[in-house]
Amino acid sequence: MTYLLIFIVIIGVVFVVYYNRLVKLRQTVRNAWADIDVQLKRRHDLIPNLIETVKGYASHEQDTLEAVIQARNQAIGASGPAATAAAENQLTGALRQLFALSESYPQLRAVEGFTELQGSLKEIEEAVQSSRRYYNAVVRDYNTTIEQVPSNIVANAFRFQQEEFFELEDEAERAVPKVDFGGSDG
């Protein structure tokens, strides 16, 4: 009878330890997502200023400006890592088109406010990437813990669900580099 009681106590302690670990990891995931959300909000708040600056110099590029506004609105309305990542990918593409306009309008590149906004956006992009890496690492640890024995028993009993990764697709990073040894210069 004493051994049975000891066994039950040990099982109970193990159960509590794994439950607490899962709760801690889940809270860390939520906190990491909040960090990403803050950085994305900073990015979204910067875009109207950028558009207004560009409007002053390239107002006839209305399609590009509207594409950025539409992509921003979709990104603001997105919820969850997968939907947010898809919306942010669209926004990044629209912003690339907007910055490509600066190549066509040298007077726009000369505007101090535009270059400051570009610099601020670059800093925010770096902060988003850093936050994304941290979030994905925490999600990996959390999801792994949910799948491992014996914590998976506790996870299933208390309905802990796996979290989604936040993956931004950067077509430029994924593109196959073009290599040319042909010497077509001469």
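Let's start with arginine 159: its relative accessibility is 68%, so this residue counts as exposed. Keep in mind that we are looking at a predicted model. Arginine 159 sits in the loop between α6 and α7 (171–174). Its phi angle is near 55 degrees, a positive value in a residue that is not glycine.

**The overall picture**

What is the chain built from, helices or strands? The protein chain has 7 helices and 0 strands. If you walk along the sequence, you get the pattern α-α-α-α-α-α-α.

How does the chain's radius of gyration sit next to that of a compact globule? For 186 residues, a compact globule would come out near 16 Å, but this protein chain has 24 Å. Along the principal axes, the C-alpha atoms fill a box of roughly 85 × 45 × 25 Å. Buried residues make up 32% of the 186 residues. The accessible surface comes to about 11800 Å², and 54% of that belongs to carbon and sulfur atoms.

Now for the contacts. Take those with a separation of 6 or more: 75% of them are accounted for by residues 24 or more positions apart.

In soluble globular proteins, nonpolar side chains tend to be buried together. Here, the largest nonpolar core has 42 residues, and Leu50, Val54, Leu95 and Leu98 touch the most other members. The elements giving two or more residues to this core are α1 (2–58), α2 (62–77), α3 (81–104), α5 (112–147) and α6 (151–157). Which helix gives the largest share? That's α1, with 12 residues.

Zoom in on leucine 50. Leaving out residues up to four places away in sequence, leucine 50 touches Leu95, Leu98, Phe99, Phe114, Leu117 and Leu121.

**A closer look at α3**

Among the buried residues of α3 are Pro81, Glu88, Leu91, Leu95, Leu98 and Phe99. What covers the buried residues of this helix? The cover includes α1, α2, α4 (106–109) and α5.

**Around α6**

Proline 150 lies in the loop between α5 and α6, and the peptide bond from valine 149 to proline 150 is cis, with omega near 5 degrees.

Helix α6 itself holds asparagine 152 and alanine 155. Asparagine 152 has a relative accessible area of 19%; the cut-off for buried is under 20%, so this residue counts as buried. Alanine 155, at 0% relative accessibility, counts as buried too.

What do these two residues touch? Not counting residues up to four places away in sequence, asparagine 152 touches Thr145, Ile146 and Glu147. By the same rule, alanine 155 touches Leu22, Ile146 and Phe160.

| Residue | Relative accessibility | Class |
|---|---|---|
| Arginine 159 | 68% | exposed |
| Asparagine 152 | 19% | buried |
| Alanine 155 | 0% | buried |

Terms used. Residues are numbered from 1 along each chain as its sequence is written. This is a predicted model: local features need pLDDT of at least 70, side-chain atom pairs count only at pLDDT 80 or more; totals for chains, interfaces and linings use all residues. Side-chain values use heavy atoms; hydrogens and water are left out. A nonpolar core is a set of buried Ala, Val, Leu, Ile, Met, Phe, Trp, Tyr and Cys residues joined through side-chain atoms within 4.5 Å. Buried means under 20% relative accessible area, exposed over 50%, partly exposed in between (1.4 Å probe, protein chains only). Helices (H or I, at least four residues) and strands (E, at least two) are DSSP runs, numbered from the N terminus. Contact means heavy atoms within 4.5 Å. The radius of gyration is taken over C-alpha atoms; the globule rule is 2.2 Å times the number of residues to the power 0.38. Accessible areas come from the Shrake-Rupley method with a 1.4 Å probe; for residues, only the protein chains shown count as cover.
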